[in-house]
Each structure stands twice: as C-alpha cells, then as structure tokens.
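Have the viewer open as you read.

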Amino acid sequence: MTTNQTFAIVGASLAGAKAAETLRTEGFEGRLVMIGAEHERPYERPPLSKEYLRGEVERENVYVHGASFYAEHDIELRLGRTAVSLDTSIGQVRLDDGKRLRYDRLLLATGAEPRRLSIPGEALDGVFYLRSVEDCDALRERLDRGGSVVVVGAGWIGAEVAASARQRGLDVSVIDPLSVPLERVLGAEVGAIYRDIHTDHGVKMLLGTGVAAFEGTTAVERVRTSDGRTLDCDFVVVGVGVQPRTALASQGGVYVGDGIVVDEYLQTSKPGVFAAGDVAMAHHPLYGRGIRVEHWANALHQGPAAARNMLGRSDQFDRVPYFFSDQYGVGMEYAGYAPAWDRVVFRGDPASREFIAFWLVDDRVVAGMNVGVWDVTDQIQSLIRARVTVDDRRLADTGVPLEDLAPATETGVA
Ligand SMILES: Cc1cc2nc3c(=O)[nH]c(=O)nc-3n(C[C@H](O)[C@H](O)[C@H](O)COP(=O)(O)OP(=O)(O)OC[C@H]3O[C@@H](n4cnc5c(N)ncnc54)[C@H](O)[C@@H]3O)c2cc1C
C-alpha cells in the first residue's frame, strides 16, 4: 500500500537515521528521502566531547551506519542541503537549492543547536562551540596544541570537555553562575560530587559567577567574569545549553512551544507530520505532560517509534528518560525526570565514586543515577514506573536488592 508513497525525513542525525532504518526494516517499500544540512552522513555526538575529542577513536567509529548502508537500503541521502520551507497543506518541503520534495509522511528530526553567548568579545577567534563533528575537529586540533582553556558552562558538555581537556594535559578553568556543576539537573548535593571530581583532577572551578566579556586583540586572550576577575587563556569553549531547531516547523504552521509539540505517538499538530529527538516536546504518558529530552537514548528510540507511527501503527512513546556521561573514566547513567524533588538518598558512599543516588518526591523515586555501579538501570526504571512508596533505609541499604523495592516493569533502556 505504501509502495507509491514518499516519506521524507528532515535532519540526518541519530533520530532521523534510526527512523529511516526502521522504516525499511518494518517493510516500507516506497521512496525514502533524508535531508541533512551537514555534509557528513549521520553520526553520533556523544564521542565528540569524549573519546573522539581526545583523539582516541577515528572518525569511522562515530557514524550511525556504514557508508554503504543508505544506498543498500534505497535511502536517498541529500547531505549539505537544508529544508527551508514547509507547506503541509500540499505536503511539500522546499530545499535551499530550490528543489521541492512532495511527501506523504514527514519526520522532523532537526535536533538542537548551541545557545550563543551575546557578550563583548563573543566574535573573537578562539571562542569554540561544540555540536558538530566539524566543531569537534577544530577543537580537537586546538587541544593538540595545548595551553590553557576556559570552559564557560558546567553542564554536561562543559563538564565533559573540561575533563577531556585535562586528560589531554591542558590547564582548565570552568566558570558557571550556579554553585556547583550540573546543578540544574542533579542539585547542589550531587553536583558537589562532580565539583570535587574536577578539582581532584586539577580543574580550577569558578562557581557562582558568570562571564562578562572575552577580551583580546583578534583572538581571545582573557575572560572577564561578572564578579570582576580576569582569567588569562589561550582559548575558550562555550557550553551554555542548546535550543531546539524549530524554525522550519514554525514556518510551516506546525505548533511549536519549547520544541515541536507532539503527542505520545510523536504526531505534530499537522496530520502526517511527526517529530522526534532533541527537537520534540513529546507528551509523556508517565508524567502527564510534554517533555523535551536532549539525550542520545531519546533520539535513538524516538526515531524508530515515529517511523512505526508513520506506517500507521500506534506506538506510544513512554520510555523513562535516560542518559549517560563519562568524565575522567567516572561513568554514570541517569534515569528519570526530576524537575523538582524533596530529598536525595544515597546507596553506597559518594566519596568512593561507586554509588547510586535517588531523587524522591513524596517517598517515591522520580530519578536515579548510578555512578561506577552497572546493570541497575532496569531496576531503577522499574522503581520510577511503579511509583511505590519506598523506605529510605531500605533504599540506601546495599544489602536489599533493588528488585525487592519495586516490581519489574521495563527492560532495555539504551
Ligand atoms: C558533544 C556532545 C556530546 C553529547 N554527549 C551525550 C552523552 O554523553 N549522553 C547523552 O545521552 N547525550 C549526549 N549528547 C546529546 C545527543 O547527542 C543528542 O541528544 C542527539 O544528537 C540528538 O539527536 P537528534 O537526531 O535528535 O538531533 P541532532 O543530533 O541535533 O541532529 C539534527 C540534525 O538535523 C539537521 N538539520 C536541522 N535543521 C535542518 C533543516 N532545516 N534541513 C536539513 N537538516 C537540518 C542538523 O544539521 C543536524 O545534523 C551529546 C551531544 C553533543 C553535542
């Protein structure tokens, strides 16, 4: 039935590539076109702040699929092309080369882009942002030359870049207006553990202050903080969050809030148009509200779910959000969604850097993070889904199996 149809995917990254793969494995035999603004075929971004940035793996290791995959699966990959306008009334996307593409179903997987600082000196040479492999190659080459770097922002990207730069032997300072790294997601108590991990590795942490200006003649030479300090440096990396790329959807009249608003089937306000990955603000049945998740596992799973729904299935997306990070070899996984909590309970000693932290609301676990402890994500997710009340002492007791605290409800996260 779908043989004569055209399915289009805008955004050739993880969500888009996994959607294309799923359309073919689920039997879609029509025309399948994927449009990507970047010149590279779809690749994974997590290595760009970790092993690829440090020069430990080759470019070939970061791609989602092998080079021949798209041709073998009859997926038309239009790289280096941006979709500039969308007309959902006739099902048409226009590209920046003027070509028009008719579609029967469309997936918007346009992702997110770094927020830019708007301060004096922002345009000086030596101010780096990190989103694409091209950005990463430029930064990697700069790390190769050594020296001192100021990282602006102690969120995940900033923290990982700081760790990689230290591991490469550079002098690293980190500036963030919050009191500890990662405070927005982890809170002050757990963020303090990451502050200590960084200071133990020789990173200078300037917390509770912002950046007022970058100074230098043609290239950045120093950073001035909002509390009046100056820091000499050879270059700067800015990691102050991302924003969803919603311009195409907005222009096409698709309903947009903090991201492209979709229901639990990843369907937008326009029939036949879906969204997935970093750009999607998806209604989540577990939380009863829309959430936008800027993490790898979300793109990995939402792409395929959207693909199945493009084929007419009813695949409700209700996975517990999940992400991972690695800094100085201290690996962690986080499951859940916790915009607020009333307390944190630790299982294991945080000082040992092998522990689980649980965030609770009204005696129920809303999120859990395992650091240096593995194969517990399924149990943590079951605990979150079950919404059972838990006793703090049993939660903290490493002798009580996590399975005993909640029935198993979900397997396979990432
Ligand atoms: C350096 C770095 C490290 C990360 N590390 C981790 C990690 O450790 N753990 C984790 O869970 N997550 C991590 N992430 C986040 C993860 O990579 C993202 O969640 C994931 O890439 C989202 O995939 P996506 O396909 O939704 O969007 P993106 O990866 O943003 O891709 C969207 C693509 O769409 C293209 N595009 C946009 N608009 C158009 C248009 N109009 N026409 C054509 N193409 C368009 C863009 O050029 C881009 O290639 C990291 C991200 C970065 C940048």
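Counting side chains, the chain carries 44 positive and 59 negative ones, and the centres of the two sets sit 4 Å apart. Keep in mind that this is a predicted model. Side chains of opposite charge can pair when their charged atoms come close. Here, the tally of salt bridges comes to 31.

## A few salt bridges to click on

Start with Arg308 and Asp315, whose side chains meet in a salt bridge at 2.5 Å, N to O. Buried would need a value under 20%.

Next up is Arg45, which forms a salt bridge with Glu38; their closest N and O atoms are 2.9 Å apart. Glu38 has a relative accessible area of 27%, so this residue goes down as partly exposed. Then there's Lys99, which pairs with Asp97 in a salt bridge, with 3.8 Å between the closest N and O atoms. The cut-off for a salt bridge is 4 Å, so that pair makes the list. Asp97 is partly exposed too, at a relative accessible area of 33%.

## Overall build

Zooming out, the chain has nine helices and 27 strands. Its C-alpha trace spans about 60 × 60 × 35 Å along the principal axes. How does the radius of gyration of the chain compare with that of a compact globule? For 414 residues, a compact globule would come in near 22 Å, and the chain has 22 Å, which agrees.

As for contacts with a separation of 6 or more, 61% of them in this chain are between residues 24 or more positions apart. Of the 414 residues, 54% count as buried. The accessible surface of the chain comes to about 17,200 Å², and carbon and sulfur atoms account for 45% of that.

Most residues other than glycine have a negative phi.

Asp363 has a phi near 65°, a positive value in a residue other than glycine. Where is Asp363 found? Look in the loop between strand 26 (355-361) and strand 27 (364-371). With 35% relative accessibility, Asp363 counts as partly exposed.

Asp375 also goes positive, with phi near 60°. Asp375 lies in the loop between strand 27 and helix 8, the latter covering 377-386.

## One last stop: Arg393

Finish at helix 9 (residues 392-396), the place of Arg393. Arg393 has 66% relative accessibility, so it counts as exposed. In sequence, Arg393 and Phe346 are 47 residues apart, while in space their C-alpha atoms are 9.7 Å apart.

Definitions and conventions
Residues are numbered from 1 along each chain as its sequence is written. This is a predicted model: local features need pLDDT of at least 70, side-chain atom pairs count only at pLDDT 80 or more; totals for chains, interfaces and linings use all residues. Side-chain values use heavy atoms; hydrogens and water are left out. Helices (H or I, at least four residues) and strands (E, at least two) are DSSP runs, numbered from the N terminus. The radius of gyration is taken over C-alpha atoms; the globule rule is 2.2 Å times the number of residues to the power 0.38. Buried means under 20% relative accessible area, exposed over 50%, partly exposed in between (1.4 Å probe, protein chains only). Contact means heavy atoms within 4.5 Å. Accessible areas come from the Shrake-Rupley method with a 1.4 Å probe; for residues, only the protein chains shown count as cover. Lys and Arg count as positive and Asp and Glu as negative; His and the chain ends are not counted. The place of a charge is taken as NZ of Lys, CZ of Arg, CG of Asp or CD of Glu.
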